[in-house]
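Dear colleague,

Here is the structure I said I would pass on. My notes follow below it.

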Amino acid sequence: MTAIAQPEADQTPDEDVLRRLRWRCRRGLLENDIFIDRFFEQHGEQLTNALVQGLLELMDLSDNDLLDLLLARKEPEGDLDNAEVRRVLSLMRVSQA
């Protein structure tokens, strides 16, 4: 049986993964898009696989739930309350300061 290598959390994803990630991050609310666009402008070249995973988890949320997290009206709960998601949120929130 051959094991499939999992990407290391601190490695940088390839260009194809980043391109698909940018497409996946398109949102219906302009406010969310502003947060996400600034995040990519400031941190896009330093993204790691761990940050990509956290960002993908956030993109599974509804637009309103995502905006509440970005504006710190709420904090992540349940399965969403993990190190990767919290790191992405902290970077996105600081981007707006």
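The side chain of Glu57 is in polar contact with that of Asn82, at 2.8 Å. Please keep in mind that this is a predicted model.

Glu57 belongs to helix 3, which covers residues 49-59. What is the nearest side chain of opposite charge to Glu57? It is Arg86, 11 Å away. A salt bridge requires a side-chain nitrogen of Lys or Arg within 4 Å of a carboxyl oxygen, so Glu57 has none, although Glu57 is buried. Leaving aside residues up to four places away in sequence, Glu57 touches Asp79, Leu80, Asn82 and Val85.

On the aromatic side, searching the whole structure turns up one aromatic pair. The pair consists of Phe39 and Phe40, in an edge-to-face arrangement, with 5.8 Å between centres and 75 degrees between the planes. Are these two residues buried or exposed? Both Phe39 and Phe40 are buried. Phe40 also has a charged neighbour: Arg22 lies over the face of the Phe40 ring, 4.2 Å from the ring centre.

Finally, helix 4 and what comes after it. Helix 4 spans residues 63-70, and its buried residues are Leu66, Leu67, Asp68, Leu69 and Leu70. Just after helix 4, Ala72 adopts a positive phi of about 60 degrees.

Regards

Note on methods:
Residues numbered from 1 in each chain as written. Predicted model: local features only at pLDDT ≥ 70, side-chain atom pairs only at ≥ 80, totals over all residues. Heavy atoms only, no water. Phe/Tyr/Trp six-rings, centres within 6.5 Å; stacked < 30°, edge-to-face > 60°. Buried < 20%, exposed > 50% of the residue type's maximum accessible area, 1.4 Å probe, protein only. Lys NZ or Arg CZ within 6 Å of the ring centre and 35° of its normal. Helix = DSSP H or I, 4+ residues; strand = E, 2+ residues; numbered from the N terminus. Lys, Arg positive; Asp, Glu negative; His and termini not counted. Polar contact = N/O pair within 3.5 Å; in protein donor to acceptor, adjacent residues only side chain to side chain. Contact = heavy atoms within 4.5 Å.
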